[in-house]
Amino acid sequence: MLQNSLVDEYLRLVASVKSHVEEQIALGIRATPVSESSGAGDEDGPAAPIAYESMEEIRAAVESCQACPLHETRTNTVPGAGNENARLVFVGEAPGADEDRQGVPFVGRAGQKLTQIIEAIGLSRSEVYIANVLKCRPPGNRNPLPEEVQACEPYLIAQLQLIKPRVICALGAFAAQTLLRTDQRISRLRGQFHAYHGIKLMPTYHPAFLLRNPRAKRDVWEDVQKVKAEHDRE
Ligand code: SF4
């Protein structure tokens, strides 16, 4: 009798866990948050990144990657560029048309604006690292899909594990919201540091947004001043 009731209890428990997991999946939740302050990305999202030995290995893996349908429409992959020992990493959303053509991140008009921002804080592109959440261009520059982000983000995490930057600057609403697993507006996220895999992350407006809205320049300037202070901190 005792054994039967233990079996019943066990089956009830399994059914309840199964139903909870199905409910979480239906809600789009892929993992349970550990704590609010542990930083998004620690608890949710991509599969555990593969430990790559070098940036060259990551580049080679990205170049042959077919983990999501974007490999069918890309011209070139855009793994990232810059100093592999950088203290500061800029992360954007995904390559655009210019980047797709050249295989280099942030090379169009928005890229020129980013270069100006980097130089305005006394650094050069060769001193920082620049990457995107997605390494292939979404057709027509549409927003990345959640499954594309999930497939691609491990590369970014692996890059950050190798670079070990002191600070990350997320460019634009999509990059910030994706990395921080939030739907809060960029206007609310910017201006303060958040945690991403144990690294300080400052969201700010995308350089392309700045081109259309020059009045946002002051906010971006405030954000990157804080980023620079963190970059310089001993
Ligand atoms: S976007 Fe990322 S995951 Fe998708 S094919 Fe390109 S490299 Fe692979």
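1. The model, which is predicted, contains an open sheet of six strands. Read across, the order is β1-β3-β2-β4-β6-β5, and the pairing is mixed. The edge strands are β1 (81-82) and β5 (194-196), each of which pairs on one side only.

2. The β1 side. Strand β1 is joined to β3 by two bridges, and these two strands run antiparallel. A residue pair to look for here is A81, which stands opposite I130 in β3. Pairing of β3 with β2. Strand β3 (residues 129-132) pairs with β2 in the parallel sense, over four bridges.

3. Strand β2. How many residues of strand β2 are buried? Five of the five residues in β2 (residues 88-92) are buried, so the strand is largely enclosed by the rest of the structure. The cut-off behind this word is a relative accessible area under 20%. The cover is on both faces of β2: L88, F90 and G92 are buried on one side, and V89 and V91 are buried on the other.

4. Pairing of β2 with β4. Four bridges join β2 to strand β4 (residues 167-171), and the two run parallel. L88 stands opposite V167 in β4, and F90 stands opposite C169 in β4.

5. Strand β4. Five of the five residues of β4 are buried, and the strand is therefore largely enclosed by the rest of the structure. One side of β4 carries V167, C169 and L171, the other carries I168 and A170, and all of these are buried. On from β4, the sheet continues to strand β6 (residues 199-204), with which β4 pairs in the parallel sense over five bridges. L171 stands opposite T204 in β6.

6. The cavity. The structure holds one cavity of 30 Å³ or more. The space in the largest cavity is about 100 Å³. Of the 14 residues that line it, C65, C68, R74, C136 and C152 are the closest to its centre. Helix α5 (residues 146-163) gives the largest share of the lining, three residues. By class, the lining has ten nonpolar, two polar and two charged residues.

7. The ligand. Where does the ligand sit? It sits in the largest cavity. The residues that surround the ligand are C65, A67, C68, L70, H71, R74, K135, C136, A151, C152 and Y155. By class, this shell has eight nonpolar, one polar and two charged residues. C65, C68, R74, C136 and C152, named above as the closest to the cavity centre, are also among the residues around the ligand.

8. F106. This residue has a positive phi of about 50° although it is not a glycine. F106 is found in the loop between α3 (97-102) and α4 (109-120). Is F106 buried or exposed? Its relative accessibility is 5%, and F106 therefore counts as buried.

9. R181. A positive phi also occurs at R181, a residue other than glycine, with a value near 55°. R181 is found in the loop between α6 (173-180) and α7 (186-189). With a relative accessibility of 23%, R181 counts as partly exposed.

Technical notes:
Residues numbered from 1 in each chain as written. Predicted model: local features only at pLDDT ≥ 70, side-chain atom pairs only at ≥ 80, totals over all residues. Heavy atoms only, no water. Near = heavy atom within 4 Å. 1 Å grid on protein atoms, 1.4 Å probe; cavity = no way out; pocket = protein on both sides within 12 Å on 5 of 7 lines; lining within 4 Å. Sits in = over half its atoms within 2 Å of the grid points. Nonpolar A, V, L, I, M, F, W, Y, C, P; charged D, E, K, R; others polar. Buried < 20%, exposed > 50% of the residue type's maximum accessible area, 1.4 Å probe, protein only. Pairing = 2+ DSSP bridges. Points joined across faces, edges and corners; volume = space filled by probe spheres on them.
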